Amino acid sequence: MEQTLSIIKPDAVSKGVIGKIIDRFEENGLRVAAMKKIKLSSEDAGAFYAVHKERPFFGELVEFMTSGPVVVMVLEGENAVVKNRELMGATNPKEAAKGTIRADFATSIDANAVHGSDSLENAKIEINFFFSGQNIH
Ligand code: CMP
């Protein structure tokens with residue numbers, strides 16, 4: 001059993017597809033172990049995406065992630081990290097495989113509907129960023 005962090009981004013929240021996205025996870029063996037709807041501050045988003053600080057898109061990324069509320073979840077299941085990334089599809093929705101969350105709900109590389117941890121190691125760090133142990137069930 002693995003745990004991974006998923007964020008439903010502001011574009012998907014404002015489109016009203018939170019339920020449809022969670023359905024993809026639950027239909028594919030990923031259980032929601034923790035969940036909350038929050039609005040990130042610039043400090044929160046900058047700290048969460050600190051690995052991208054030097055990338056040219058960092059400013060736009062922080063601006064987009066703070067443009068509206070997000071839903072943050074811990075997903076649990078077998079091979080949760082890889083399975084979540086398969087369900088999400090490629091970062092750029094134009095390259096995302098048919099039937100993936102980003103192909104179906106995302107519009108651009110910034111407004112790409114969801115974030116998911118890229119490794120088990122980062123999943124632990126990202127989960128700790130948003131949730132304490134007693135809030136993961
Ligand atoms: P995410 O999985 O949340 O991780 C970092 C985010 O930066 C990524 O999804 C994209 O939404 C955003 N981003 C914007 N431009 C780029 C880019 N050129 N390469 C990778 N990520 C980008």
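In the predicted model, a polar side-chain atom of Lys9 is placed 2.7 Å from an oxygen atom of the ligand. The side chain of Tyr49 likewise brings an N or O atom to 2.6 Å from a ligand oxygen atom, and for the side chain of Asn112 the corresponding distance to an oxygen atom of the ligand is 3.2 Å. The residues surrounding the ligand include Lys9, Tyr49 and Asn112, together with His52, Phe57, Leu61, Thr91, Arg102, Ile109, Asp110 and His115. The space that the ligand takes up is the largest pocket.

Attention then turned to strand E3, which spans residues 70-77. Eight of its eight residues are buried, so the strand is largely enclosed by the rest of the structure. In a regular strand, side chains alternate between the two faces of the sheet. Both faces of E3 are covered: Val70, Val72, Val74 and Glu76 are buried on one side, and Val71, Met73, Leu75 and Gly77 are buried on the other.

Strand E3 pairs with two further strands. Strand E1, formed by residues 2-8, is antiparallel to E3, and seven bridges connect the two. Within this pairing, Gln3 stands opposite Glu76 of E3. Strand E2, comprising residues 31-38, also runs antiparallel to E3 and is joined to it by seven bridges. Here Ala34 has Val74 of E3 as its bridge partner.

Two residues of E3 were examined individually. Glu76, which is found in this strand, has a relative accessible area of 19%. Because the cut-off for a buried residue is under 20% relative accessible area, Glu76 is classed as buried. The side chain of Glu76 is joined to that of Gln3 by a polar contact of 2.7 Å; Gln3 is also the residue that stands opposite Glu76 in the strand pairing.

Val70 likewise has its place in E3. Its relative accessibility is 0%, so Val70 counts as buried. Val70 and Ser14 are separated by 56 residues in sequence, and their C-alpha atoms are 9.1 Å apart in space.

How values were computed. Residues numbered from 1 in each chain as written. Predicted model: local features only at pLDDT ≥ 70, side-chain atom pairs only at ≥ 80, totals over all residues. Heavy atoms only, no water. Buried < 20%, exposed > 50% of the residue type's maximum accessible area, 1.4 Å probe, protein only. Helix = DSSP H or I, 4+ residues; strand = E, 2+ residues; numbered from the N terminus. Pairing = 2+ DSSP bridges. Near = heavy atom within 4 Å. Polar contact = N/O pair within 3.5 Å; in protein donor to acceptor, adjacent residues only side chain to side chain. 1 Å grid on protein atoms, 1.4 Å probe; cavity = no way out; pocket = protein on both sides within 12 Å on 5 of 7 lines; lining within 4 Å. Sits in = over half its atoms within 2 Å of the grid points.
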